[in-house]
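Please examine the sequence and the model displayed here, with attention to the pockets and the ligand.

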Amino acid sequence: LNKFKGVFIAMNSCYDEQGEVSPERAKKLARHYADIGVKGLYLAGSTGEGMLQSVEERKQILQAVMEEVRGELIVIAHIGAASTRDCVELTVHAESVGADAISAVPSIYYRISEKGVEEHWQAIIDSSSLPFIMYHIPATTGFHLSKDLLGKLAKQDKVIGVKITTDSTYELQQFKRIGGEDFILFNGPDEQYVAGLIMGAEAGIGGTYGVMPELFMKIEQCFAEGKIAEAQHWQIKVNEIITELVAFPSLYGASKLILKLRGIDTGIPRMPISPIPESDYSKIEALNHKILH
Ligand code: NAY
């Protein structure tokens, strides 16, 4: 399970000038992260705009990324979608192109009972031999994963961990306690990576990592060496940047523009996620400068 410990970038979406998914641009972005030496990538999650893409488009992007970094980076494919059927199709595809693991939010839009979410996830788990990572993000799904359900699913060998995006490091610690030693907690809120690590997370998956992977790798390294004050110092720097990033009309639009300034064009976010107006470009440039210095 060591292969899942470390910094995972929730990769931004990649579109061309017409707004179509761009496998070429996705390869270039994945290559950029492989050269930096992060642990892995999390594809088609919130940051990757998977919910705004068709099953076919999601397959194209995953396949392109696997072609580029297979064997070099650990690739977790987020295959969550509203319908169980689509999730299963994406899972079977993910296994066929060599993804290292899959992950899914509970089904979205319909209010599903706890039993329903269990059955949804179980159908996904049963459709491949890939490791499965639950994605707990109640703010966007409206579903609050209980300790009971987590404990029940965590007993299965294929269920290797949970990505937890809540502000509670108490909940994170409780999940870790229930999951046990071999159960991996992926920290979700980038703003509290250090706090998550201290309370039991062994990995992080984050959207803002994409514009500052080195800073998150520094946090991880300091923590591993027991230099907590230094880890906290970098977290505070990171948090200043995140505070500015989330003040733009969209976090994803801002991140994509920063990548563009660095020579990696990923297009603009898909509607309804707002693009960044030109009047904000100078602020983006200043923020890019701040990150790099
Ligand atoms: C994903 O699926 O894209 C992620 O794992 C990223 C989780 C992010 N949450 C959302 C809603 O985008 O990285 C966080 C988030 O961007 C960050 O903490 C800034 O608030």
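How much space lies in the largest pocket? About 820 Å³ of space lies there, where a volume is the space filled by probe spheres set on grid points that are joined across faces, edges and corners.

## Basis of the model

This is a predicted model, in which local features need pLDDT of at least 70 and side-chain atom pairs count only at pLDDT 80 or more, while totals for chains, interfaces and linings use all residues. Residues are numbered from 1 along each chain as its sequence is written, and side-chain values use heavy atoms, with hydrogens and water left out.

## The largest pocket

A pocket is an open set of points on a 1 Å grid over the protein atoms alone, where a 1.4 Å probe fits and protein lies on both sides within 12 Å along at least five of seven lines; its lining residues have an atom within 4 Å of a point. The lining of the largest pocket comprises 35 residues, with S46, Y135, I137, T140 and Y252 nearest its centre.

At least two lining residues come from each of α5 (138-141), β8 and α11, these helices (H or I, at least four residues) and strands (E, at least two) being DSSP runs numbered from the N terminus. The greatest contribution is that of α5, with three residues. By class, the lining has 17 nonpolar, 13 polar and five charged residues, where Ala, Val, Leu, Ile, Met, Phe, Trp, Tyr, Cys and Pro count as nonpolar, Asp, Glu, Lys and Arg as charged, and the others, Gly among them, as polar.

## The ligand and its shell

The space taken by the ligand is the largest pocket, a molecule being assigned to a pocket if more than half of its atoms lie within 2 Å of the grid points.

Polar contacts (pairs of N or O atoms within 3.5 Å) to oxygen atoms of the ligand include a backbone N or O atom of S46 at 2.9 Å, a side-chain N or O atom of D190 at 2.9 Å and a backbone N or O atom of G207 at 2.8 Å. The ligand taken alone exposes 470 Å², of which the protein buries 88%, with accessible areas from the Shrake-Rupley method and a 1.4 Å probe.

## The second largest pocket

About 270 Å³ of space lies in the second largest pocket, which is lined by 16 residues, with E17, D265, G267, I268 and P269 nearest its centre. Here α11 gives the most to the lining, with four residues, and the classes are six nonpolar, three polar and seven charged residues.

Key. Polar contact = N/O pair within 3.5 Å; in protein donor to acceptor, adjacent residues only side chain to side chain.
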